[in-house]
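Please read these comments alongside the coordinates. They are kept to points that can be checked directly.

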Amino acid sequence: MIDGTSDDTLQLRAPGERISGADEGRGDGSGGRGDGSGAQGTGKGVARSSLLMAMGTVVSRATGLIRTVLQAAALGTGLLATTYNTANVVPMSIYTLLIGGALNSVLVPQLVRARAEHADGGRAYEQRLVTLVLSVLAVGTLLSVWAAPQIVAVYTADTPRTHAAFELTVVFARFLLPQIFFYGLFFIFGQVLNARGRFGAMMWTPVLNNLVLITMFGVYLGLLAGPDRIEDITPGQIDLLGIATTGGIALQGLALIPFVRAAGFRFRPRFDWRGSGLRKSVAAARWTLLFVLANLVAMTVVTHYAGAVDQQLPTAGVGYTAYNYAQGIWMLPQSIVTVSLVTALLPRMSRAVTEGRLDDLRADLSRALRVSGVLIVPAAFFFLAFGPQTAQLLFAHGTVDAASAAPAGHMLQAFGLGLIPFSAQYLLLRGFYAFEDTRTPFWMAFWTSAVNIALATACYLLLPARWSVTGMAGAYTVAYGIGLLVTARLLRRRLDGRLDGRRLCRTYGKLTGAAAAAGGVGWLVARSCSGVPVPEGWTPALALVAGGLTMALIFLGLARALKVGELRTLPGLR
């Protein structure tokens, strides 16, 4: 799905916040105040939080990868899989549009402030906010299920030639749209925990969802004859896919209830929203809603174009499902590294702005960019060098052969280098959110999405169907490269003309040179493995192991030689 780290940051409890009973005596290394004063224990607190989140994210993403592999084996990469995947992206899109986009970027800073400034520790504010979020999502979920055909029509055309695929997508959507409410339950409880400095549960509970889906696709593969065409799928198979997929998201959300109770939160519906301070939250979320809308428009356009390609070549694996799988693999480093850093840093950065400590904010952003770059930059070049082998190893199973998996590999290569600007812009935008500035990120999203839509349209109209969606993956990379340049320029102005640019450029220059050289040598080694006599199906594994290991060793050697100090943040390389 859609939609993702360590530095010397301090604890995430707001200044003066009362320690809950669950925190007493934990010895979490936070060392008292979280006021940015630089107490010795504070860095350990966030380092520990980031490590816990990273571990949870790694397990979550690992099980998610297994789920994706099984899904590809069960449903393939063609039109049948696209009907399911298109329906499955709709609930998250609607949830994000309704309220999800405001939670991370707007409501966390205000929850932290309410807990620090309100006489009751922000409890009444939390109750009203949770009630508002769940009420909006309950109504939105009911309306979305009712309007499923109209919603699906935005993503895929209903014509005489495509009517069967459209109808199947609508059936899937009716099963999957209740996810909207459970996504909201998961994220609002997760933000309540984050505001209390509890980050682990939100990173670990998605594993439950993945386990449900792994079981579902395992049953689908083991007990049912997987169809190759949309006309052949049975009502029983549809029911299994729909019920289990939504059940996994429901379990993920409900599993947070014991954790929020342990953190001291007790939900009591409160509808006395007038004069409660939520107006500021809603006003701040206005621009975030537009930000989300800009991104969703771009995603919807690409989904529509890629789905149309699947209609033209229904079994070639060159459309939306391949794009979705490739983007999911490409996002893994971002999810594990950058998102964990940001989740732990955002409350701290918000406090730094409130207290006028711009130097601390600048230092946090710089260090986060440099530390995350140690993994993000080589990962980007890895995808560029080994995209086809990665896709063949992961997806050439079950109903997918090597030829059908190849397009996803080419898309992974096209996405590849875009991981660097995508991750960096994700971090920099949090600098604006720390100022509670949601207007500037909207304009960044608007122009990035406009470039993406323009380039994707050109790819759809001008390139052969076999390569048009691969071109759209490259368009995504170009769009975020442009977006990063503009974002960095604007944030530099906001930070009194300084963004630690020289040190960032120096570090990223070294990382890029080392990763490019290592990736080139690794690619040659992987290419040489094609002639090695091994059993059928083992060639991509051999190429990835040999090429990837070569790349890793050369990168580490060059980075050390170039004196990339941030390399010491990696375990075992101090």
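Predicted model: local features only at pLDDT ≥ 70, side-chain atom pairs only at ≥ 80, totals over all residues.

The numbered points below go from the overall fold to individual residues.

1. The protein contains 20 helices and zero strands. Of its 574 residues, 57% are buried.

2. Nonpolar surface patch. Five residues, Leu97, Leu289, Leu290, Leu293 and Val297, make up a nonpolar patch on the surface. Together they have about 350 Å² of accessible area. Helix H11, residues 278–312, gives the most to this patch, with four residues. Leucine 293 is located in H11. Its relative accessibility is 38%, so leucine 293 counts as partly exposed, and that value clears the cut-off of over 30% that patch members must meet.

3. Packing of H12 and H15. Two packed helices are described by the angle between their axes and by the distance between those axes. For helix H12 (residues 320–330) and helix H15 (residues 402–416), the axes come within 8 Å and cross at roughly 45°. H12 is therefore oblique to H15. The crossing in which H12 passes H15 is right-handed.

4. A contact at valine 170. How far apart are valine 170 and alanine 87 in sequence and in space? The two are separated by 83 residues in sequence, yet their C-alpha atoms are 7.2 Å apart. Valine 170 sits in helix H5, which covers residues 163–176. With a relative accessible area of 6%, valine 170 is buried, the cut-off being under 20%.

5. Leucine 485 and glutamine 425 are 60 residues apart along the chain, and their C-alpha atoms are separated by 8.6 Å. Leucine 485 belongs to helix H18. Is leucine 485 buried or exposed? At 64% relative accessibility it counts as exposed, because the class begins over 50%.

6. The structure holds six salt bridges. One of them joins arginine 357 to aspartate 360, with the closest N and O atoms 2.6 Å apart. Arginine 357 counts as buried at 17% relative accessibility, whereas aspartate 360 is partly exposed at 24%.

7. Aspartate 359 and arginine 498. The side chains of these two residues meet in a salt bridge with an N to O distance of 3.4 Å. The pair links distant parts of the chain, 139 residues apart: aspartate 359 is in helix H14 (residues 358–395), and arginine 498 is in the loop between helix H18 (465–494) and helix H19 (501–528). Arginine 498 has a relative accessible area of 46%, so it is partly exposed.

8. Aspartate 437 and arginine 494. Another salt bridge is formed by aspartate 437 and arginine 494, whose closest N and O atoms are 2.9 Å apart. Aspartate 437 is buried, with a relative accessible area of 12%; arginine 494 is partly exposed, with 34%. As for shared partners, salt bridges join Asp359, Arg362 and Arg498 into one network.

9. Backbone at aspartate 500. Most residues other than glycine have a negative phi. Aspartate 500 has a phi near 55°, a positive value in a residue other than glycine. The residue is placed in the loop between H18 and H19. Its relative accessibility is 24%, so aspartate 500 counts as partly exposed.

10. Backbone at lysine 563. Where in the chain does lysine 563 lie? Lysine 563 is in the segment after helix H20 (539–561). Its phi is near 60°, again a positive value in a residue other than glycine. Lysine 563 is exposed, with a relative accessible area of 71%.

Technical notes:
Residues numbered from 1 in each chain as written. Heavy atoms only, no water. Patch = residues over 30% accessible without salt bridge, like charges linked within 9 Å, V, L, I, M, F, W, Y side chains within 5 Å. Areas by Shrake-Rupley, 256 points an atom, 1.4 Å probe, with all protein chains shown as cover. Salt bridge = Lys/Arg side-chain N within 4 Å of Asp/Glu carboxyl O. Helix = DSSP H or I, 4+ residues; strand = E, 2+ residues; numbered from the N terminus. Buried < 20%, exposed > 50% of the residue type's maximum accessible area, 1.4 Å probe, protein only. Axes fitted to C-alpha atoms, helices over the stretch in contact; angles between N-to-C directions. Parallel < 35°, antiparallel > 145°, perpendicular 65-115°, else oblique. Left-handed = near helix turned anticlockwise from the far one by under 90°.
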